[in-house]
Amino acid sequence: GIAAFLVFLVVFPLAFLFGAMTPLSIKIYAGSQENIGDTVGRAYASNTLGAILGSLSGGFLVLPSFGIEAGIRGSALLTLFLCAFCAWRSLKRDLRWILLLAGLLFAGSAVLSPSWNKNSLTSGVFRAVRAPDGTIRFVLDKGDLVFYRDGVASTITVRDLGNRFSLFNNGKVDASSHGDRGTQILLGALPAFLQKQTHQKALVI
């Protein structure tokens with residue numbers, strides 16, 4: 001119903017534009033029908049190489065150095081620049097000023113748009129509940145966010161919940177200074193318990 005229509009409004013424009021990106025790029029790169037096979041081959045080879053380098057740099061350079069939000073904003077600006085460069089070379093002179101204004105508008109929105117609500121972003125969608133007024137509430141969307149770090153495989157956060165701290169891994173509590181602290185201490189002591197040899201050493205936790 002309405003939910004499917006809203007999803008369509010969000011997904012279709014992006015899917016349409018991304019789907020048109022490759023054939024338009026090939027058309028701009030080829031220019032004419034001469035040697036179209038070699039041109040398409042080089043274009044697809046460049047696209048494959050760019051995808052490999054992009055995935056490696058995104059996971060091992062951009063994410064650890066800048067985080068998800070800054071990385072997405074930077075990627076949007078880079079994509080906008082490349083699109084503007086290709087369009088500038090292919091459009092007529094009269095349309096270039098319209099392109100320039102549109103590019104500045106989109107670039108400004110990418111840079112000046114409000115920052116993400118990291119507290120809600122890392123609260124864990126799987127813990128969402130429907131409130132009596134029909135809105136969606138997050139059970140763990142509370143407390144002060146004292147640490148936030150994006151990594152290659154997960155996002156780690158620590159929240160101050162008043163008299164206790166909790167560590168979250170992608171919105172799921174994995175450690176805390178209360179409740180499951182006994183389990184954490186036990187896990188830390190297990191290697192000593194399983195050690196067959198007896199040593200005159202003390203384990204301090």
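Predicted model: local features only at pLDDT ≥ 70, side-chain atom pairs only at ≥ 80, totals over all residues.
Residue numbers start from 1 along each chain as its sequence is written, and side-chain values rest on heavy atoms, with hydrogens and water left out.

The protein has 5 helices and 6 strands, taken as DSSP runs (helices H or I, at least four residues; strands E, at least two) and numbered from the N terminus. Read from that end, the order is α-α-α-α-β-β-β-β-β-β-α.

Of the 205 residues, 15% are buried, that is, under 20% relative accessible area with a 1.4 Å probe, protein chains only. The exposed surface comes to about 15,600 Å², with 68% of it from carbon and sulfur atoms; areas follow the Shrake-Rupley method with a 1.4 Å probe. As for contacts (heavy atoms within 4.5 Å), 33% of those between residues at least 6 apart in sequence link residues at least 24 apart.

Now to the sheet. It is open and antiparallel, built from 4 strands in the order β3-β4-β5-β6, where pairing takes at least two DSSP bridges between two strands. The edges are β3 (144–150) and β6 (172–176); each has a single partner strand, so one side of each lacks a neighbour in the sheet. Neighbouring strands are turned by 25° against each other on average, direction ignored, with axes fitted as lines to C-alpha atoms. Strand β5 (residues 165–169) runs antiparallel to β6 and is joined to it by 4 bridges; here L167 sits opposite A175 of β6.

Technical notes:
Buried < 20%, exposed > 50% of the residue type's maximum accessible area, 1.4 Å probe, protein only. Axes fitted to C-alpha atoms, helices over the stretch in contact; angles between N-to-C directions.
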